[in-house]
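Subject: Structure handover

Hello,

Here is the structure we talked about. Please open it first, then read my notes below.

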Amino acid sequence: MAGELKVLTANLGMKGTTEIDAVMRRGAYEALIKAMTRMTPDQVLGEVKAANLKGRGGAGFPAGLKWSFLPKGKDKTRYLVCNADESEPGTFKDRLLIENDPHKVLEGIIIAGYATQSAGCFIYIRGEMPQGARVLQRAVNQAYDRHFLGKNILGSGLDFDIWVARGAGAYICGEETALMNSLEGKRGEPRIKPPFPAGYGVYGKPSNINNVETYANVPAIIEKGADWYNSIGSADTPGTRLFGVCGHVKNPGLFELPSTVTLRELIYGHAGGILGDRKLKAVIPGGSSVPVLRADQIDVTMDSAGLKAVGSMPGSGGVIVMNDSVCMVRALHNLMRFYAHESCGQCTPCREGTHWLELLSGAIERGEGREGDADKILSLSKNIMGRTICPLGDAAAMPAESFVRQFREEFEFHIREKRCLPETMRMTTIYSA
Amino acid sequence: MSRDIRELLADKEFQRKMEKLAGLYPEERSALLAALHLCESETGCCGEEFQEYIAGKLGIPRASVKGVVTFYEMFHEKPRGKYLVQVCRTLPCMLAGAEILLDHICGKLGIRPGGTTKDGKFTLVTVECLACCDRGPSLMINDTLYTGITPEGFDKVIKELD
Ligand SMILES: Cc1cc2nc3c(=O)[nH]c(=O)nc-3n(C[C@H](O)[C@H](O)[C@H](O)COP(=O)(O)O)c2cc1C
Ligand code: SF4
């Protein structure tokens, strides 16, 4: 089993790492100094492109390529946005980075600001993380004091600010254009694309948005180079990734590993195996929005190619493990309630579809399911997919479709027998294990 | 926490804070959510009076402000209890035992989710994933996060609240 490789999490677990002096003694901001004093913006951009850094917010889009979409020129105001809205069920990596090593994130953002010659960055942190917002704001103030933010940073000619903004309890604000509306003091409703943020973002200005972990990868890429970065991980997802393992494992937590780690190693090695010493039943490998896997599908690497081979995707790196005490109908109902609650309601297929998925899965779970209901879930999912403004619709449809496809017999048992499988009558919890 | 809104709006310190917020972002309207958070933490809600005030202050139509207050889970038009107990109900916390915890809390406080205790001390709500899935079950009481909490642990926590 491959061991942990601490690049992003090198400072986690150390004392005082929210303070700029403490982290600077450990090398923080050296990559920024290197970028701004020894490299041109285009060289920085080139290095990040060559590193093939993939977005860590869920979709895996190459970050360097996204940065290069921003229109160039001194006459244009460009903004960066850091997506710290972390609300995808099963995902808890950005919170840990922000609360424990905020300067790593800031350093990555400022380097990105230099590469793209942007005016500043909005960090949008979810409302339920007031502690993280305080830590961030304090770190930002310290960075201003050191002149890593403000006017003419390190004599590079770049003026760059960071603004911390809090959300207020809406999963949909993690979607990039909803987030931008929210930043403008509006309801968090996704915008129709195109235009894309690179042309029309915050206040209608060209904007680039990345996830917290994506930015946090940048300092090491600049410090050690794209070749080093590509020597770690897999071809489609180089570098390390933060995998958060939760649910029915003995040792839940965050693990920083190359994506060449297998799902089996992650669950049985790093996370200590199955809670209650029961059998593994199902695992959602990349946050609640990706297709669920069965216990016999875990001998795959945690990169795009590996998970694609079994019909899923790496998503946000949140691994939700379920042992054989979990009723899959009940688990699906829980997730569908989530998506129905979080749909912003703009598109009919999503607003109505998620609502019906919640009702249907709930009815089957209560023993009120009717013959054909499993197929109804499949056809509802199919009719949501690709027919909405933003990907929240798909994010609900993918688990719905995959739960029924992968655990069809259990759904049919519920409908026929009007009850749960015997072994799922008492679910393992931390209280019982 | 439960200050009167009129008193708050007349408070010089509060006015200074609002001034500062309005100048914090490249455009004033971006301060709306921060202003609502402030009012929410001082008065326990963002009612019509504050909506009107902040609409004028930031140059946003009143209807838009209302639209924002009603869109976001963390803002309330009507006052809620002194302590807002927010229990995560999403899958990872459910796997950790959130349903057992929630049942216990309902029994302990004598209310259902959405309800407020008669003395106005507690409002109970369920919320979605709080992003600490490895340490569930999780809940927040106002701004404070509690993880890996047991029914007994909850009783202890609320006993220490005044
Ligand atoms: C409903 C929904 C919720 C999302 N939530 C988040 C989130 O909490 N954090 C995040 O970084 N990206 C989230 N995303 C993805 C963003 O829209 C966007 O793709 C991402 O921030 C881009 O950053 P990256 O390229 O660095 O991954 C969400 C997308 C959707 C459709
Ligand atoms: S897909 Fe759903 S969440 Fe996204 S814009 Fe449409 S209704 Fe809103």
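This is a predicted model: local features need pLDDT of at least 70, side-chain atom pairs count only at pLDDT 80 or more; totals for chains, interfaces and linings use all residues.

Start with ligand 2. By class, its shell holds 8 nonpolar residues, 5 polar ones and no charged ones. The classes work like this: Ala, Val, Leu, Ile, Met, Phe, Trp, Tyr, Cys and Pro are nonpolar, Asp, Glu, Lys and Arg are charged, and the others, Gly among them, are polar. Of the 13 residues around ligand 2, the nearest are A:Cys344, A:Gln346, A:Cys347, A:Cys350 and A:Cys390. A residue is near a molecule or strand if one of its heavy atoms lies within 4 Å of it. The space that ligand 2 takes is the second largest cavity. A cavity is a set of points, on a 1 Å grid over the protein atoms alone, where a 1.4 Å probe fits but cannot get out; a pocket is an open set with protein on both sides within 12 Å along at least five of seven lines, and lining residues have an atom within 4 Å of a point. A molecule sits in either one if more than half of its atoms lie within 2 Å of its grid points.

Residues are numbered from 1 along each chain as its sequence is written, chains are lettered from A and ligands numbered from 1 in the order in which they are written, and side-chain values use heavy atoms, with hydrogens and water left out.

Now ligand 1. Its space is the largest pocket. It is surrounded by 19 residues, and A:Gly57, A:Lys66, A:Asn210, A:Asn211 and A:Thr214 are the closest. By class, this shell has 5 nonpolar, 8 polar and 6 charged residues. Strand β4 (residues 207–211) of chain A gives the most to the shell, with 3 residues. Helices (H or I, at least four residues) and strands (E, at least two) are DSSP runs, numbered from the N terminus.

Which residues make polar contacts with an oxygen atom of ligand 1? A polar contact is a pair of N or O atoms within 3.5 Å; within protein, one must be able to donate a hydrogen and the other to accept it, and residues adjacent in sequence count only if both atoms are side-chain atoms. A:Asn211 has a polar side-chain atom 2.7 Å from a ligand oxygen. For A:Lys66, the side-chain distance is 2.9 Å. A:Arg56 uses a backbone N or O atom, at 3.3 Å. The protein covers 90% of the 610 Å² of accessible area that ligand 1 has on its own. Such areas come from the Shrake-Rupley method with a 1.4 Å probe; for residues, only the protein chains shown count as cover.

Next, a sheet. In chain A, 5 strands form an open sheet in the order β6-β5-β9-β7-β8, with mixed pairing. Its edge strands are β6 (253–258) and β8 (293–294), each pairing on one side only. Two strands pair if DSSP finds at least two bridges between them. Strands β5 (residues 240–247) and β9 (residues 318–323) of chain A run parallel over 4 bridges.

Last, some backbone details. The peptide bond from A:Lys193 to A:Pro194 is cis, with omega near -5°. A:Pro194 lies in the loop between α8 (176–183) and β4 of chain A. Chain B has 8 helices and 4 strands.

Best wishes
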